[in-house]
Amino acid sequence: MLNFKNKLPYIEDVSLNDVIKVCQTPFYIYSQSVIIQKVEITKKFLGKNIFFSVKSNSNQAILKLMQSLNIGADVVSIGELKRSLSAGFSPKKIIFEGVGKSKNDLIYAIKKNIRLINVESIEEIKILQKLAFEQNKDVDIGVRLNPNIDGGTISKISTGKKTDKFGIELYEIDNIINLISNCKNLNLIGISCHIGSQISNIDAYKNTFIEMKKAADKFSSSGINIKHVDLGGGFHIQYNKNDPKFKIEEVKKELDNCFGQSEYELSFEPGRFLVAEAGILITSIINTKNNGGINYLIVDAGMNTLVRPAMYNAHHNITVLNNQSLKSQTYTVAGPICESSDVFIKDINLPEQNIDDILLIEDTGAYGKVMSSTYNSRALPSEVLINKGDFAIIFNPEKIENDINKDVIPNWL
Ligand code: PLP
């Protein structure tokens, strides 16, 4: 994503140094053209019904960009639903799922007439029927199924095994069919699934498609007209050169093999695949030190800015802006947070770096800023969007003082 003109770093046609002059590190920077390319590839192979998983990057500028590319929104909380509406998505382009929707969340979604509310339990169907009846509304719903498929990803982001908390197990389909015939206010028109994230194993997609086709046919043959079959997200990206290669063409092949002759409207809900590679986290070196023979570069981004390495042991490649030095060093790059898990990468070879030099943490457009926090009372990072020769700051964090001022000290203290 980074390119050099006269030895100066650029993203698209914007000089990174110009952005650094006006935006304090740490900040996320996204390339609009990379997002557009990823959306185009996804649509080319998987069709036009793509619903961006808002949890991966919920900045409203990114959501607006997705709309301009004719992408819908897949939301998993009332906050994401409100954000997507605020960013201008038509309610009819929004799918609401999530294992824990409160009654108030459901009432809000019913009132907004969104495309589909995907329920994740038998109990939720009953609650939704009661609320729809009270609101005197007919509501289009889908059921998220749990196909009991191991996508081969790490357990923290696996969602499709029967012991995971998500979706309704396939053996419950008969119960759903019986129940729904008594739910006069609910139109069951869709099924969905999502077996996890970072899935590269094509057999996992194939097996999921087979189970979902069987499920759709079972509903249809019992008189429930399933129009939409949503096959989830989870497409793999290569964070590391040694990661398995994922080819979306192969997903398309399995999709055609399984659903080729059917009339279901197929949809997908990718997040990471559309935005991860479009983002870089820009961070400054604030200190250098050697402890126990380890050369530490201490940077101003921490696990509060990008939690994936600390939380999932995730790998993000790190590159340098200052590559003048001919001498290379082995470094461990760590953040400023008071936790030993606040380390981005160990034993990386980089040209010699100094205090105030800038490091680039790559492939951070998904599950980066959205998972950031003010842990250790540090401010959130800014976000910047690049579009050819233009750039805009698309998230301006509050000063930490404003956060501090939200605490209320009770009058007995
Ligand atoms: N759909 C649902 C229900 C999810 O929970 C997620 C994230 O795990 C996604 C879609 C998107 O996943 P990914 O970003 O891996 O494509």
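In the predicted model, strand β4 (residues 27-31) is largely enclosed by the rest of the structure, because five of its five residues are buried. Phe-27, Ile-29 and Ser-31 point one way from β4, whereas Tyr-28 and Tyr-30 point the other way. In β4 the residues pointing either way are buried.

Strand β4 has pairing partners in β14 and β20. With strand β14 (residues 279-291), β4 pairs in the antiparallel sense over four bridges, and Tyr-28 stands opposite Leu-281 of β14. With strand β20 (residues 382-387), the pairing of β4 is parallel and extends over five bridges. Here Phe-27 has Ser-382 of β20 as its bridge partner.

The loop between α1 (16-22) and β4 contains Pro-26. The peptide bond from Thr-25 to Pro-26 is cis, with omega near 0 degrees.

At least three residues of the core come from each of domain 1 (2-29 + 276-406) and domain 2 (97-269). In soluble globular proteins, nonpolar side chains tend to be buried together. Around Leu-128, when neighbours within four places in sequence are left aside, the contacts are Leu-106, Ile-117, Val-119, Val-139, Ile-141 and Leu-186.

The protein chain is divided into domain 1, which comprises 2-29 + 276-406, and domain 2, which comprises 97-269. Taken over C-alpha atoms, the centres of domain 1 and domain 2 are separated by 36 Å. Seven residues from domain 1 and five residues from domain 2 take part in the contact. On the side of domain 1 that touches domain 2, the residues divide into three nonpolar, two polar and two charged.

An open sheet of three strands is also present, with the order β1-β2-β3 and antiparallel pairing. Its edge strands are β1 (2-5) and β3 (14-15), each of which pairs on one side only. Strand β1 and strand β2 (residues 8-11) run antiparallel and are joined by four bridges. Within this pairing, Asn-3 stands opposite Tyr-10 in β2.

The ligand is surrounded by 18 residues, and the closest are Ser-53, Ser-197, Gly-233, Gly-271 and Arg-272. Divided by class, the shell around the ligand consists of five nonpolar, eight polar and five charged residues.

Positive phi values occur at Asn-313 and Lys-388, neither of which is a glycine. For Asn-313, phi is near 60 degrees, and the residue is found in the loop between α11 (308-312) and β16 (318-320). Asn-313 has 10 other C-beta atoms within 10 Å and is therefore exposed, the limit for this class being 12 or fewer. For Lys-388, phi is about 55 degrees, and the residue lies in the loop between β20 and β21 (390-395). Lys-388 likewise counts as exposed, because it has 11 C-beta neighbours inside 10 Å.

Note on methods. Residues are numbered from 1 along each chain as its sequence is written. This is a predicted model: local features need pLDDT of at least 70, side-chain atom pairs count only at pLDDT 80 or more; totals for chains, interfaces and linings use all residues. Two strands pair if DSSP finds at least two bridges between them. Helices (H or I, at least four residues) and strands (E, at least two) are DSSP runs, numbered from the N terminus. A residue is near a molecule or strand if its C-beta atom, placed from the backbone, lies within 6 Å of it. Ala, Val, Leu, Ile, Met, Phe, Trp, Tyr, Cys and Pro count as nonpolar, Asp, Glu, Lys and Arg as charged, and the others, Gly among them, as polar. Domain bounds come from an automatic or database domain assignment. Two residues are in contact if their C-beta atoms, placed from the backbone, lie within 7 Å. A residue is buried if 20 or more other C-beta atoms lie within 10 Å of its own, exposed if 12 or fewer, and partly exposed in between; C-beta atoms are placed from the backbone.
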